[in-house]
Amino acid sequence: LELLVLTFFWRQLLTVGLVVMSSWPWLSHSVTCRKETKVGWTASCLLLSVFPMLPVVGREPNYSLVILAGILATIAAVWCAVRSETKLLSSNSKSSLALIITQIVLMVVSTYVRHSTATSLLNKEGNPVFNQVFSWTMLGCTFLLPLFSLRLLYPRLLSITLALMILYLLLSTAHEALFCLTLSFTMFFWLQMEHGLSSYSHRKLEDISFTVVLPDSSRKQMTADNVRHAYFFIFFIITAFFGTGNIASINSFDPQSIYCFLTVFNPFVMGALLLLKIMVPFLMVTCAFRAVDVVVQVPTRSLFLTVLLMSDLMGLHFFFLVQDTGSWLEIGTSISHYVTVMSTTIAIMLLFGVARFLTGTAVINQQEDKSHLQ
């Protein structure tokens, strides 16, 4: 936890933590996952460790990186959709396959809209009406489209990731879109690692569903491994927050990130969109943690309380670091750190509820879920 506390002062320490985590499956003899999973986990952690070393997002826009992220995300989505593990190509998954194809097309369009908006504003032509309508429509559909997919782990998580990436691309100005894409890959390999280490590894991951969730009374008791689950979750939440920015970058908000939605000054709407942009990586990590919870089958309440305990310990640490002497900058920074940690604790509770809704709610595909579980 001390490493996480220090990252509030030096975000580059996240790189150290990610490098150590990348070597975890090779140094620990208890890790018995497939070699492909170990290599994927190590590669994704090392790629993610690059971003805390990069400059804070918001100083200089670079829309070429946003377009690159959109292209890579589209390729990755197509690759995931055609794999047998997602079961999207089976005869019982026609509507879910159509949904994923629709989301991939929308991702391509969102990449074009981001490029078109930047080009139009650079030429002082204003933001086209189509771009604004499309952006607001995608904002409204972000939390609706995943509800139409299968509730098997892979299809539902793929749909959620695509929906969040579409929105995040519209709010990106530089390498933060690549960060979100890399984070999603890291969450994928984290899920595979925890499945291989769990006592339920005999079950195929592609056969596990969010619909089959045992009550806490029927689950196994907490173990030391579950403390690792909670710590990894807290670590990735902090990484999602400081991976591309810091406290100062929030105070010096760059309005270019919301130009796809509006170009006139509206502080309340701009603040809400900024908050939503910050929450997207949080939600991505929380949905992965929800999937880990379903896979390892430990009491959800106990695992969640462990997460809150770690967050409160960090908050207590920052409480004693609050200053009432010195410059206004030092006093304000110490208070900002404490408020951020305590707000994160509250946000985790809300995000976990949203993650349960996104992963466990279905609109029209109940029959498809049943056919795959038979």
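Student: Leaving aside its neighbours within four places in sequence, which residues is Phe-261 in contact with?

Tutor: Contact means heavy atoms within 4.5 Å, and, with those sequence neighbours set aside, Phe-261 meets this with Gln-132, Ser-135, Trp-136, Leu-139, Leu-167, Leu-170, Leu-171 and Leu-273. The model is predicted, with local features needing pLDDT of at least 70 and side-chain atom pairs counting only at pLDDT 80 or more, while totals for chains, interfaces and linings use all residues. Residues are numbered from 1 along each chain as its sequence is written, and side-chain values use heavy atoms, leaving out hydrogens and water.

Student: What makes a set of residues a nonpolar core, and which have the most contacts inside the largest one?

Tutor: The members must be buried Ala, Val, Leu, Ile, Met, Phe, Trp, Tyr or Cys residues joined through side-chain atoms within 4.5 Å. The largest such core has 103 residues, and those with the most contacts inside it are Trp-41, Leu-153, Trp-190, Phe-236 and Phe-261. Helix H12, residues 267-296, gives the most to this core, with 16 residues; a helix here is a DSSP run of H or I, at least four residues, numbered from the N terminus.

Student: Why is H12 called largely enclosed?

Tutor: Buried means under 20% relative accessible area (exposed is over 50%, partly exposed in between, with a 1.4 Å probe and protein chains only). Of the 30 residues of H12, 22 are buried, so this helix is largely enclosed by the rest of the structure.

Student: Where does H12 bend?

Tutor: The bend at a residue is the angle between axes fitted to the seven residues ending there and the seven starting there. At Met-279 that angle is about 30 degrees, and a proline, Pro-281, follows within four residues.

Student: Why is the pair of Trp-190 and Phe-236 called tilted?

Tutor: Rings of Phe, Tyr and Trp (its six-membered ring) pair if their centres lie within 6.5 Å, with planes under 30 degrees apart counted as stacked, over 60 as edge-to-face and the rest as tilted. The centres of Trp-190 and Phe-236 are 5.5 Å apart and their planes stand at 50 degrees, so the pair is tilted. The pair links distant parts of the chain, with Trp-190 in helix H9 and Phe-236 in helix H10, 46 residues apart.

Student: How do you know whether Phe-236 and Trp-190 are buried or exposed?

Tutor: Phe-236 has 0% relative accessibility and therefore counts as buried, and Trp-190 is buried with a relative accessible area of 0%.

Key. Helices (H or I, at least four residues) and strands (E, at least two) are DSSP runs, numbered from the N terminus.
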